[in-house]
Amino acid sequence: MAISSIQFLHSLRPFNASSFTTKTPRVSLGFRSSLDFNLCSLSSGFFVSSSARSRARALVRDKGERIEDYPPVTDSVDDDQVVSTPQKLHERDFTDTPYVPIYVMLPLGVVSMNCELVDPEGLMDQLRILKSVNVDGVMVDCWWGIVEANAPQVYNWSGYRRLFQIVRDQKLKLQVVMSFHECGGNVGDDVHIPLPRWVTEIGQSNPDIYFTDRDGRRNSDCLSWGIDKERVLKGRTAVEVYFDYMRSFRVEFDEFFEDKIISEIEVGLGPCGELRYPSYTAKHDWKYPGIGEFQCYDKYLMKSLTKAAEARGHLNWARGPDNAGSYNSTPHETGFFCDGGEYDSYYGKFFLNWYSQVLVDHGNRVLALANLAFEGTCIASKVSGIHWWYKTASHAAELTAGFYNPANRDGYAPIAAMLKKHGAALNFTCVELRTLDQHEDFPEALADPEGLVWQVLNAAWDVCIRVASENALPCYDREGYNKILENAKPLNDPDGRHLSAFTYLRLSPVLMESHNFMEFERFVKRMHVLPLASPFLRCAMHPFWIPGRLDYYLCKRGLARLDLAISVQLTS
């Protein structure tokens, strides 16, 4: 009887790394532990979903229905561990479903502040493993604060050139992020990449180049959209600075565009590279599920608000709400966001329309220039999944972030229409989160990630733009992967709509642990609908396989056991 690769792996003793002397990496790539979070990529709050549990042995029913019925796999399993009665999970058969490309984000610190590639040999090993399981490519941030660090229009791309050459040699594709934001200062960050030094020097004398809250606290994560057309950056406007940077990148890496190695450019449009205001940030002591604060109090945005109020004929509306609470308030504690609150008044509608339109206008300006710089290459914009307070009338956390999406209005349709205008894809987060898990962990947040994902995907699909996605939190378990699959390939969709790509957050030693990587490979196979019998599985089933090296195996008992593993008929 044929057995599955997962069943066979569980029949072997777990690999014990302490049994061997392996080469320690020379330089850390800046990975974090599985319990840490990085707000520069994890924009949906600080919490671990209760779905991040273990799953195990697979059995197959008729008609393509699968039942998961296997003992848990944890980060460490003792040889004599006793396993309790397993759960049963029903799974779809993804045969004949569309091919969804899979990309993996590289570590934040893969290129140093001196623009040098960190640990190229270790990276090559990891890329070789990813390629062995048919991953399509990788995503990398090209940090403004590294490349144009010291002087305006003086660019250093050397570390990225070396990185791109390695990726090309492994026959992988590249998604490249134009990262115009700061990295660091948030919970879990072990890499700090500030804005360029010459920009922060300007900010010392003119702090209004940064987003500002009602109490005058500045946020140096990114530049305020109020200076998009203000010549305050040594004679250039903010959008001119972004365009010059993107044009330099296009010229520097022309060969990678011509050879189609670079498949997509994601344009950073705000904090964490996302099109949103920095309304929730650990720097200002925000904690999940706080509603956040409006970020429109720098003099440039206040000038814009005053102009809009004058045009409306209500100069007294040239102000931000004074009853919107603070970063960690709940909607019902405020006069602005509570049911029947001021958000739904004439003034509230005026202010929220202006606030959200500034966001759309910023995306419009920058993406228009991105299309000029990257003509002929797909571009994309990332939108964060702010799912907390989604089940309230006001959707307060979305409003402070710039998404005018109360219960009686679709706040994502204008963003989708703007992206449609520029032929840009929408990259959305939090597709792995389940509403039930959020209710179990934080019932007070009234969160609904599933409802939010469905709304945003449909807003994009309704205007016929490409939709890609990524996970918001680390995901290693089958339940999380299954949720991603559900969103990537909606069941019985009459129009056959599906995600154009999925980017996994992120490459790390935890992902490379054998049991985690086997689940990841299984996920890739189901997104691709490809055979499961890959080199990784054949190697990983060997009891003396050394993680991180596919080019050799250490076998104390000769090749008999390895030959057995390779000869086993693998089934999904």
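Reply: Begin with the axis: a line fitted to C-alpha atoms, for helices over the stretch in contact, with angles running from 0 to 180 degrees between N-to-C directions. Helices (H or I, at least four residues) and strands (E, at least two) are DSSP runs numbered from the N terminus. This is a predicted model, where local features need pLDDT of at least 70, side-chain atom pairs count only at pLDDT 80 or more, and totals for chains, interfaces and linings use all residues. Residues are numbered from 1 along each chain as its sequence is written, and side-chain values use heavy atoms, with hydrogens and water left out.

Me: At what angle do the axes of helix 9 and helix 11 cross?

Reply: They cross at roughly 10° and come within 10 Å, helix 9 being residues 346-373. Helix 9 is therefore roughly parallel to helix 11 (under 35 degrees; over 145 is roughly antiparallel, 65 to 115 roughly perpendicular, the rest oblique).

Me: Which residues make the contact?

Reply: Contact means heavy atoms within 4.5 Å. Helix 9 supplies Leu359, Val360, Gly363, Asn364 and Leu367, and helix 11 supplies Pro414, Ile415, Met418, Leu419 and Lys421. By class, these are seven nonpolar, two polar and one charged. Ala, Val, Leu, Ile, Met, Phe, Trp, Tyr, Cys and Pro count as nonpolar, Asp, Glu, Lys and Arg as charged, and the others, Gly among them, as polar.

Me: How do helix 2 and helix 4 cross?

Reply: The axes of helix 2 (residues 120-132) and helix 4 (residues 158-169) come within 10 Å and cross at roughly 30°, which means that helix 2 is roughly parallel to helix 4. Pro120, Leu123, Met124 and Leu127 of helix 2 meet Leu163, Ile166 and Val167 of helix 4. That contact has seven nonpolar, no polar and no charged residues.

Me: How many residues of helix 13 are buried?

Reply: Buried means under 20% relative accessible area, exposed over 50%, and partly exposed in between (1.4 Å probe, protein chains only). Ten of the 14 residues of helix 13 are buried, including Leu452, Gln455, Asn458 and Trp461. The buried residues pack against several elements, among them helix 11 (413-421) and helix 14 (478-488). Cys464, which follows helix 13, has a positive phi, near 65°.

Me: Why does Ile202 count as buried?

Reply: Because its relative accessibility is 11%. Ile202 lies in helix 5 (residues 197-205). Leaving aside neighbours within four places in sequence, Ile202 contacts Ile209, Val232, Leu233 and Lys234. Ile202 and Leu233 are 31 residues apart in sequence, with their C-alpha atoms 7.3 Å apart.
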